[in-house]
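Please walk through the structure below with attention to its helices, to the contacts between them and to a few residues in loops.

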Amino acid sequence: MSISVSDLVTVRSRHPEAIAEAAARRVRRPLIGDSGRLMIVAADHPARGSLAVGGHKLAMANRVDLLERLCMALSRPGVDGVLATADILEDLLLLGALDGKVVLGSMNRGGLAGASFELDDRFTGHRPQDIERLRFDAGKLLLRIDYEDAGSLTTMVTAARAIDDMAERRLPVFVEPFISRRTGGKVVNDLSAEAVTKSIAIASGLAGTSAYTWLKVPVTEDADEMAAVMETSTLPAVLLGGDVGKSPQDQEEAYEKWRKALGLPTVQGLVVGRSLLYPAEGSVETAVDTAVGLL
């Protein structure tokens with residue numbers, strides 16, 4: 001799909017109501033389709049100021065390029081939907097790319113990458129009422145917990161209330177938990193089996209109900225430990241693709257980790273972003289088709 005910035009800007013400037021109109025007529029589908037699995041492409045990174053892919057610091061900054069990659073990914077067989085912030089989802093609505101797709105709104109983007117307040121991750125994205133109003137299908141929130149950073153408690157409280165608000169609307173919410181720490185001023189997520197187990201236990205117990213809670217979990221450093229880790233909760237889960245590294249070999253190793261973890265009983269699918277939209281080797285189509293094949 002060839003996307004014109006001028007066309008999008010013309011609609012946005014002269015007829016902003018077109019976004020709500022496109023949302024109202026969007027063809028919806030169940031969260032879980034005939035395959036029984038979920039393949040979601042993620043593109044909510046820019047709103048956190050996280051634009052780098054590999055060695056390219058501003059790879060995701062070109063919006064037309066990102067939209068073209070997303071439209072290509074969404075057109076591939078087996079891709080169920082997309083996770084993104086309002087600006088990106090609304091561009092995709094205007095482009096007609098979301099019919100028959102699962103749409104997840106990204107909710108908390110206040111913990112800007114590299115900021116002193118990164119772990120006080122307030123809800124500056126979609127609110128539950130926005131997701132309901134736009135007829136989107138679910139929400140997603142990030143829960144990073146650093147035992148030495150008081151900002152994590154603010155994030156936990158606001159995350160719990162967001163889960164409550166989503167459940168009142170009978171809307172699923174995907175919670176992405178990590179145990180994190182600052183190393184050299186940078187927030188690093190601990191992917192040891194113990195840390196991922198703790199993060200799952202904490203996330204599963206948030207809010208007044210877990211009826212509409214899904215988990216979005218990373219694969220542990222040692223993929224063989226995922227079976228024991230995923231025994232921590234009975235909540236349905238999807239795997240977080242994450243950053244697979246800069247080389248084709250790193251990409252292949254990531255695919256193998258995902259393949260192992262996708263066979264576990266609570267794991268229902270895969271959510272992957274940059275590694276599919278900006279693959280270390282090959283095209284978007286090839287990377288997406290390979291990931292779909294893992295399911």
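Helices (H or I, at least four residues) and strands (E, at least two) are DSSP runs, numbered from the N terminus. The model is a predicted one, in which local features need pLDDT of at least 70 and side-chain atom pairs count only at pLDDT 80 or more, while totals for chains, interfaces and linings use all residues. Residues are numbered from 1 along each chain as its sequence is written, and side-chain values use heavy atoms, with hydrogens and water left out.

Burial is judged by relative accessible area, with buried meaning under 20%, exposed over 50% and partly exposed in between (1.4 Å probe, protein chains only). By that criterion the buried residues of H6 are Gly 151, Ser 152, Thr 155, Ala 159, Ala 160, Ala 162, Ile 163, Asp 164, Met 166 and Ala 167. An α-helix has 3.6 residues a turn, so residues three or four places apart point the same way. The buried residues of H6 pack against helix H5 (128-133) and against strands E4 (138-145), E5 (173-183) and E7 (213-218), where contact means heavy atoms within 4.5 Å.

The chain then leaves H6 through the loop between H6 and E5, where Arg 170 is found. Arg 170 is exposed, because its relative accessible area is 65%, and its phi is near 60°, a positive value in a residue other than glycine. Most residues other than glycine have a negative phi. Ala 207, in the loop between H7 and E7, also is not a glycine and has a positive phi of about 80°; with 24% relative accessibility, Ala 207 counts as partly exposed. The loop between helix H7 (193-204) and E7 also holds Gly 208, which counts as exposed because its relative accessibility is 69%. The C-alpha atoms of Gly 208 and Lys 257 are separated by 34 Å, the two residues being 49 residues apart along the chain.

Two helix pairs remain to be described. Two packed helices are described by the angle between their axes and the distance between the axes. Here axes are lines fitted to C-alpha atoms, for helices over the stretch in contact, and angles run from 0 to 180 degrees between N-to-C directions. Angles under 35 degrees count as roughly parallel, over 145 as roughly antiparallel, 65 to 115 as roughly perpendicular and the rest as oblique.

The axes of H3 (residues 63-75) and H11 (residues 284-294) come within 9 Å and cross at roughly 40°, which makes H3 oblique to H11. In this contact Arg 69, Met 72 and Ala 73 of H3 meet Val 284, Glu 285 and Val 288 of H11.

For H2 (residues 17-25) and H4 (residues 86-94), the axes come within 9 Å and cross at roughly 70°, and the two helices are therefore roughly perpendicular to each other. Ala 18, Ile 19, Ala 22 and Ala 23 of H2 make the contact with Glu 90, Leu 93 and Leu 94 of H4.
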